[in-house]
Amino acid sequence: MISEKAKKIAESYDSVSIGIFGSHSAKEIGMAAKSFGFKTVIVVQKGRDKLYTKYNRHLYDEVIVLDRFKDMLNEEVQEKLIEENVIFIPNRSFAVYVGYEGIENEFRVPIYGNRYLLRAEERDNPKGQYYLLEKAGIRFPKKFESPEEIDRLVVVKVQQAKNPLERAFFYASSPEDYYRQAEELIKAGVINEEGLKKARIEEYVLGARFNANFHSYALKDVFGDFDFVGFSDRRQVNLQGFLNLPAKDQLKINVPVKNEEIGHFGVTMRESKQEMVYEAGEKFIRACEEEYPPGIIGLFGLQGAVAYSPEDDTKLEFVVFDVSLRVPGDPAIGPTSPEMRNLSLKHGVRIEDPLDLTMMEIKKAWQLGRLGEVVT
């Protein structure tokens with residue numbers, strides 16, 4: 001099994017470098033790694049590298065330039081990373097561009113976290129995020145099996161035709177509304193028939209949105225079970241522009257709305273309501289341990305909304321509609337979250353960003369001779 005080979009490789013290291021994928025959260029990871037004194041190695045794709053190789057070069061000690069990201073699976077690239085004593089930090093771009101099969105069966109470089117859980121983020125995976133949420137007993141939006149079942153406002157989550165990282169959500173309130181909008185989006189080239197067949201149709205949750213972010217530890221005897229690191233929300237193109245207009249002017253624009261993520265902002269939640277979010281994180285960790293041993297190692301996010309219960313309209317619930325099983329890629333969390341001060345006090349180490357917790361655990365695992373426990 002590739003993870004056992006990776007564990008043995010990690011245990012053979014006489015030093016540690018942090019491996020970074022040149023997209024998504026590479027700046028965040030670089031800053032955290034350098035602040036904890038690690039050497040850094042970044043893998044970039046030719047033509048998509050300037051942000052890292054020119055404007056933020058100080059964050060990376062070694063740069064490996066590839067013609068395409070999937071070339072990471074080439075033996076010479078893997079050998080280079082292993083020679084540099086790399087512990088690799090997975091992000092969403094790594095999962096999408098390198099691919100689950102390659103990561104699970106070919107990539108021998110030790111990965112901080114659970115490489116087998118990356119696949120569970122996909123909505124059409126039989127043991128994916130909705131399966132895990134159900135196992136954990138966490139409420140998620142009602143799914144509609146076909147457009148004909150639509151009897152309320154729904155959100156349709158479709159993969160964009162030209163961007164494997166992003167989805168093109170649209171909203172519908174009836175079967176007729178669904179088919180009309182789907183046809184418009186296909187004609188505009190935003191989505192295609194294949195993507196529409198795989199789309200998920202789910203009820204639109206009327207509530208305040210919160211992305212709840214956590215860090216789960218492998219060395220639980222040292223750091224405890226998990227830490228909550230903060231809330232955030234997304235800014236999306238071109239949805240944000242529509243929302244900035246008065247309703248009467250929104251109706252004048254006949255352009256498909258794209259929910260492509262362009263940024264984030266920090267939010268907070270009343271303390272009296274936070275316990276349900278901590279409990280959701282804890283239950284989700286337990287479900288992942290059972291279904292994908294050894295469970296979650298590192299950062300993850302439960303993205304959802306606080307809404308009234310359908311059974312009791314006086315009770316608020318945390319409803320999760322998306323799960324991130326790796327670095328959330330949200331640089332707003334650190335600067336805007338009051339949890340950074342809380343975690344600095346808890347661990348006796350200055351914590352300025354959630355990824356500092358990742359580096360803290362890797363550093364301690366190295367010092368204790370337990371690197372094999374934090375990687376797969």
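Analyst: One term to begin with: a polar contact is a pair of N or O atoms within 3.5 Å, and within protein one must be able to donate a hydrogen and the other to accept it. Also, this is a predicted model.
User: OK. What does the side chain of Gln-78 reach?
Analyst: The backbone oxygen of Leu-73, at 2.9 Å.
User: Which helix does Gln-78 lie in?
Analyst: Helix α4, which covers residues 75-83.
User: Is Gln-78 buried or exposed?
Analyst: Buried, because its relative accessibility is 1% and buried means under 20%.
User: Leaving aside neighbours within four places in sequence, what is Gln-78 in contact with?
Analyst: Met-72 and Leu-73 are among its contacts, and so are Glu-106, Phe-107, Arg-108 and Val-109.
User: Switching to Glu-104. Where does it lie?
Analyst: In helix α6, residues 100-105. Glu-104 is buried too, because its relative accessible area is 12%, and the cut-off is under 20%.
User: And what does Glu-104 touch, not counting residues up to four places away in sequence?
Analyst: Ile-2, Arg-115, Tyr-116 and Arg-119. With Arg-119 there is a polar contact of 3.0 Å between the two side chains.
User: How many Å apart in space are Glu-104 and Gly-372?
Analyst: C-alpha to C-alpha, 17 Å. In sequence, 268 residues separate Glu-104 from Gly-372.
User: Now the strands. Why is β2 described as largely enclosed by the rest of the structure?
Analyst: Because 6 of the 7 residues of β2, which covers residues 39-45, are buried.
User: How many bridges join β1 to β2?
Analyst: 5, and the two strands run parallel. β1 covers residues 17-21. Within this pairing, Ile-18 has Thr-40 of β2 as its bridge partner.
User: What do β1, helix α2 and β2 make together?
Analyst: A right-handed β-α-β unit, with α2 covering residues 26-35.
User: In what sense do β2 and β3 pair?
Analyst: Parallel, over 5 bridges, with β3 at residues 62-66. Val-43 stands opposite Ile-64 of β3.
User: Which helix does the chain cross through from β2 to β3?
Analyst: Helix α3, residues 50-55. That β-α-β crossover is right-handed.

Notes
Residues are numbered from 1 along each chain as its sequence is written. This is a predicted model: local features need pLDDT of at least 70, side-chain atom pairs count only at pLDDT 80 or more; totals for chains, interfaces and linings use all residues. Side-chain values use heavy atoms; hydrogens and water are left out. Helices (H or I, at least four residues) and strands (E, at least two) are DSSP runs, numbered from the N terminus. Buried means under 20% relative accessible area, exposed over 50%, partly exposed in between (1.4 Å probe, protein chains only). Contact means heavy atoms within 4.5 Å. Two strands pair if DSSP finds at least two bridges between them. A crossover is right-handed if, with the strands pointing away from the viewer, the path from the first strand over the helix to the second runs clockwise.
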